[in-house]
Protein chains: 2
Amino acid sequence: MKNSTLLFLCLCCFLLTKGENGYDLWLRYPPVADKMLQATYRRHISAIMINPSDATLNIARQELLNGLSHLLQTRLSATTTLHQDGTVVAGTPQQSPLLAQADIGGLLKAAGNEGFVIVPKTLQGKRCILISGNTSIGVLYGVFHFLRGLQTAQPVPVLPIVSAPKIQLRMLDHWDNLNRTVERGYAGFSIWNWHTLPTYIDPRYIDYARTNASIGINGTVLTNVNANATVLTPAYLEKVKALADVFRPYGIRVYLTARFSAPMEIGGLATADPLNDSVRGWWKEKIKEIYSYIPDFGGFLVKANSEGQPGPQDYHRTHADGANMLADAIAPYKGIVIWRAFVYSHDNPADRHKQAYDDFVPLDGQFRPNVLLQVKNGAIDFMPREPFHPLFGAMPKTPLMMEFQLTQEYLGQGTSLVFLAPLFKETLESDTYRKGAGSTVAKVIDGSVDQHTLSGMAGVANIGSDIDWCGHPFAQANWYALGRLTWDHTLSSEQIAEEWLRMTFSNDLTFLKSATRLMLESRDIIVQYSNPIGLHHIMGTGHHYGPAPWVDNQQRPEWNPVYYHKADSAGIGFDRTATGSNALAQYQPAVRRQWEDITTCDEKYLLWFHHMPWHFRMKSGRNLWEELCYQYYTGADRVTGMQHTWESLRPFVDPQRFEQVTMLLKIQQQEATWWRNACLLYFRTFSHMPLPAGYAPPDKTLEYYQQLQFPFAPGN
Amino acid sequence: MKNSTLLFLCLCCFLLTKGENGYDLWLRYPPVADKMLQATYRRHISAIMINPSDATLNIARQELLNGLSHLLQTRLSATTTLHQDGTVVAGTPQQSPLLAQADIGGLLKAAGNEGFVIVPKTLQGKRCILISGNTSIGVLYGVFHFLRGLQTAQPVPVLPIVSAPKIQLRMLDHWDNLNRTVERGYAGFSIWNWHTLPTYIDPRYIDYARTNASIGINGTVLTNVNANATVLTPAYLEKVKALADVFRPYGIRVYLTARFSAPMEIGGLATADPLNDSVRGWWKEKIKEIYSYIPDFGGFLVKANSEGQPGPQDYHRTHADGANMLADAIAPYKGIVIWRAFVYSHDNPADRHKQAYDDFVPLDGQFRPNVLLQVKNGAIDFMPREPFHPLFGAMPKTPLMMEFQLTQEYLGQGTSLVFLAPLFKETLESDTYRKGAGSTVAKVIDGSVDQHTLSGMAGVANIGSDIDWCGHPFAQANWYALGRLTWDHTLSSEQIAEEWLRMTFSNDLTFLKSATRLMLESRDIIVQYSNPIGLHHIMGTGHHYGPAPWVDNQQRPEWNPVYYHKADSAGIGFDRTATGSNALAQYQPAVRRQWEDITTCDEKYLLWFHHMPWHFRMKSGRNLWEELCYQYYTGADRVTGMQHTWESLRPFVDPQRFEQVTMLLKIQQQEATWWRNACLLYFRTFSHMPLPAGYAPPDKTLEYYQQLQFPFAPGN
């Protein structure tokens, strides 16, 4: 009998570890592997005391019970009175007399509306850990933070922790269509099964909410910015309501994209002119109707007059006219309008880099207080590396919201291991010099530079119907990173990578050392083998999959890669100085001066701002062509290095995820070689220089790469 | 320490049972719940002995180890020599000396090429269970059968079991497009991720193969019959090869749909005329190329000259000309051509019911020996209830293959609990009278009526990217039923339902009693509330979701529901007797006579074959209108009964799947009410009779139902 019990244990472990399909993301809660540490945890944590007086606190209770019982492998008593050491007391002072008397008011004040405190404290003679906040959602955030500490093998807190989010709107933007395709989605299809809503609640909806709450995300835009007005019809609002009801106790508000021409398409009006009274009336009624379904509806995200979308300019009105019309209608319900600054027009001959600035800077100060302007991190479009958007230094009177892209449209899509926190941090830490040195993008965004009360940061979601949500096991880290940075943009990429690795794979230090480096280097590597030295937007037409720098036959200039790299026999790169498009003039003088001078311009941006001769001598001593070759070859070689690193991590990773990443790295290696070969073969037709000695020449011809077709590439 | 061990056990059980997401289908292998039975199993099964001399036998070994260790909760020794009682010896006589000397040659002879024997036998003084076959795949099938016995709480075999499949080609047809949409798919999107193939092997591909092997499926058509020639290009053949390599050791051959115009679309020819030498040469080369990738490629499935697909008739050639051209080209490789009989032409004014017969019967005897004609179970299109297809009684010289539809295009799609085995059995047991009484469809299909050596049965797959594969937990049963019936069409619906329920949910007898009845009644219920008394094809246009009997504005007559029900002030129903389309003449006289006489025609087919007056007196004593009301109301009420039955099963089902089915039954109840109300409101405009007393009138108007729109209904 004893033997069979032991076997039983063994089989359980087998069952639990053989198939890690990734569905649980970073909320896996395996038993604490370090048995000494587990024993310590058990000594300090033996009971929980939480009055589940609302849905959110009930979730907090369930999460504590679930997380702790799995991590500690012990049954915790859930008590209503304090009677033992090691009690975790969670709640708000409003609904917990014990916490009300715990003398934590000063700490709670610093936690604000959504923050939390975690305080080790002896109450009534018993050693306790208090998890509290001024609101229930604050408590839930605190619970997840507390569990994260145990998941990541941190010591039990001995000093108080106070944490409050630096950004107010912490959001995911889903580019999900109503037919369940996802624009730029590489992880299957939309998790929103509109057809079976509102009656069928997919368990995924709950897990989505719970996962987001664990990293502080508090808003979700359900629908694509290339919007369909059908989602605003009653049949769909009932479905949206069902999702909002699921998300509410997790602190997540629902937003929708508003198609600007909706009054015509579903309202039967002849115009969508924002100054037309019927149009204004229609939106007022529609918004009233939405709030009758969803009393805490967050608001609208709007893409207008960009890439063919309708907008106020169709009626010779400004973006401010359009945004304010919606803002006025939604203000009585405390709703928000998030207006996208990603605009460029096919009729505008100006450098696409400049158009958003040209359109929006004159409108600074004209937007209603409940409007945020959502600006992509760079002025082109989510490139592998991109200088920060000039708007961040140019619109002090308007709250600017950050739009990052988690889905890797231009960074290897579904098959590349690219950790994006370094990209996000590179932008956030860039100095706009708006109010002199130190006016970083992060401080513009969080409102501290210009004392805005509204602030926001969004990530275009990389979530789909794949069992592991994100397609690539490591893509989960980018969802995680976005959440963590919306909460606290001062976290380092390394901290975030390590946290995520610990929770997602292992707390083993040998594993962490290699795996953290693997993640931290990954974004530099893809820049090297795809778009080095400031090259950008040379991807395949439409689907953006793989290299196609040669494409020059698209209808509009800015749809062609040749528009961006401008390679010719003299050199390569986009002159954005005063001798060229002068986009640099849109930056503050300190920034402009640094980048316009080729002696001070960081080489990573060189070809972004300058057309440089092939023989230009780089800091490495190589000429530009040689440097290009060096970057492409080094980048591709480093992917082989990533494969070796991963192989060395086999002992630490369950077989299923290990094999998945192994196969994906093999694809990445193939794609890196493809990028390298295709780009160098093509650019060589301009440089007319040979590959430097020591580089194995491509085994395929330029023509081979040029004829590749991907009619069913995903996300297009 | 002892306490914590016990807790550990308890937590493991908690982990294992809380979230049954359905991914494991009927291969869950929970511990045998009846501990007495488990002890008996352990006494009889203590070791396995199998020499994994090829990939298939290695899989058999893994499946035995995995299945037995989980069911029996004990570690089995895997031995290479026989040294203890209770050894399961598996293999073929060719590679196992022990089995070669076991005197089971007579049994094995009866097992044929793919069958198996399971024989309890004492060898060298040790009690053994022998699992053997003449081929490795036979052994694997035997292993799955043996495990199924334990999963379903059957006694350890005391007598030999011999089993051989009655059908040779046991197939799934995927209507999956290369962009991952699935025509008539209601379980998400295609599981074939063409973009990441061939390098990334989704674990699903392996689980798909393994699941199919467990029920004897041995062929899969990867692509939609509405075909895209791109799948025949080298880049895609590499991807197909990768799947074929995964499936091969599981005994599954890969087939593709051949777009008839491929020589033009990807071959650059000016014609696809099957008698043109260039065309014939092109297919020969293409087939040679395919076999260079996939040496055991199964062959082609072809939809030609139907619903806009290209075909030989475009060149005034016959279906036989087209099929034989492909058959000649593929014969050297032992490939098969499966030609679909589902043809109807927009130019043909004949009753759609008659067109396949008209096209194909004259060609009987003209097809090459490696051609099968794949015939849908009925002549219209996978209706909820449909008389068997007249072709089954009319083409003795041609092997006819059955095409069933697992995906519930016309039977409640993704949200209805409908067990299809009764539908399949109804067709299979129908008597064609081709060679007199007893010439059932099943015997036509298995080749026994006309001594064909080729035989086949296919199901249009209901599999998608949903975590539980089939969208509805009970839809998995239809995949299972198809597999089991392809192996042995004499199995009863009840046997199949019970087997599946035992493996998928529980062996508890109280559970099984109610749940089996729930499944067995479900198909009758949906017929009652959607298409009773022989009504058919009155679903929504295009997507086929919900009722739309009023539609009369479609371009072609047979696209309109009014074409099928022909309701008018005199009555309702399609006259297919000699006074009408005379489709009945296509059946053998014994069948025709029964159905053309309204006194002998089963009322379930009444309106299929007859236009009957509203006042016609039914066997129930009700007139036709009253009977229609009775059927619609009874059907909808019975869905409420299904909800109650399911609620009573709560104690036996894990929370996740219980809640899923509960929500889906709620949708089904809403849809049943919708069907009932919409159809009766509409048909009342012809019958001009009131609802009989006692029926609560619909709470919505006919106009309400007529204006419902489903622009994003799935699978369209």
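The following dialogue takes a reader new to this structure through the terms used to describe it.

Trainee: What kind of model is this, and how are residues and chains labelled?

Mentor: This is a predicted model, in which local features need pLDDT of at least 70 and side-chain atom pairs count only at pLDDT 80 or more, while totals for chains, interfaces and linings use all residues. Residues are numbered from 1 along each chain as its sequence is written, chains are lettered from A and ligands numbered from 1 in the order in which they are written, and side-chain values use heavy atoms, with hydrogens and water left out.

Trainee: Which residues does UniProt list under "active site"?

Mentor: The unreviewed UniProt entry lists A:Glu307, A:Asp381 and A:Glu409. The entry also has the annotation "domain: Glycosyl hydrolase family 67 catalytic" for residues 151-469 of chain A. UniProt positions are given in the numbering used here, feature names are shortened, and annotations may be inferred rather than shown by experiment.

Trainee: Why is A:Glu307 called partly exposed?

Mentor: Buried means under 20% relative accessible area, exposed means over 50%, and partly exposed is in between (1.4 Å probe, protein chains only). A:Glu307 has a relative accessible area of 31% and is therefore partly exposed. The residue is in the loop between β10 (299-302) and α11 (319-330) of chain A; helices (H or I, at least four residues) and strands (E, at least two) are DSSP runs, numbered from the N terminus.

Trainee: Why does A:Glu409 count as buried?

Mentor: The relative accessibility of A:Glu409 is 3%, so this residue counts as buried. Its place is in the loop between β13 (400-405) and α13 (421-428) of chain A.

Trainee: What does A:Glu409 touch, not counting residues up to four places away in sequence?

Mentor: Contact means heavy atoms within 4.5 Å. A:Glu409 touches A:Trp175, A:Arg184, A:Tyr186 and A:His544. With the same exclusion of neighbours within four places, A:Glu307 is in contact with A:Phe342, A:Tyr344 and A:His346.

Trainee: What makes the pairing of the side chains of A:Glu409 and A:Arg184 a polar contact?

Mentor: A polar contact is a pair of N or O atoms within 3.5 Å; within protein, one must be able to donate a hydrogen and the other to accept it, and residues adjacent in sequence count only if both atoms are side-chain atoms. The side chains of A:Glu409 and A:Arg184 make such a contact at 3.1 Å. In chain B, the side chain of B:His70 reaches the backbone oxygen of B:Asn66 at 2.7 Å.

Trainee: How do you know that β1 and β3 of chain A pair?

Mentor: Two strands pair if DSSP finds at least two bridges between them. Strand β1 (residues 47-50) of chain A and β3(A) have 4 bridges, in the parallel sense. Within that pairing, A:Ile48 has A:Val88 as its bridge partner. β3(A) is also joined by 5 bridges to strand β5 (residues 126-132) of chain A, again running parallel.

Trainee: What makes β3 of chain A mostly covered?

Mentor: In this strand (residues 87-91), 5 of its 5 residues are buried. In a regular strand the side chains alternate between the two faces of the sheet. On one side of β3(A), A:Thr87, A:Val89 and A:Gly91 are buried, and so are A:Val88 and A:Ala90 on the other.

Trainee: What makes the A:Glu20 and A:Arg657 pair a salt bridge?

Mentor: A salt bridge is a side-chain nitrogen of Lys or Arg within 4 Å of a carboxyl oxygen of Asp or Glu. For A:Glu20 and A:Arg657, the N to O distance is 3.5 Å. A:Glu20 lies in the loop between α1 (2-18) and α2 (35-44) of chain A and A:Arg657 in helix α22 (residues 655-687) of chain A, so the pair ties together parts 637 residues apart in sequence. A:Glu20 is buried, with a relative accessible area of 18%, and A:Arg657 counts as buried at 4%.
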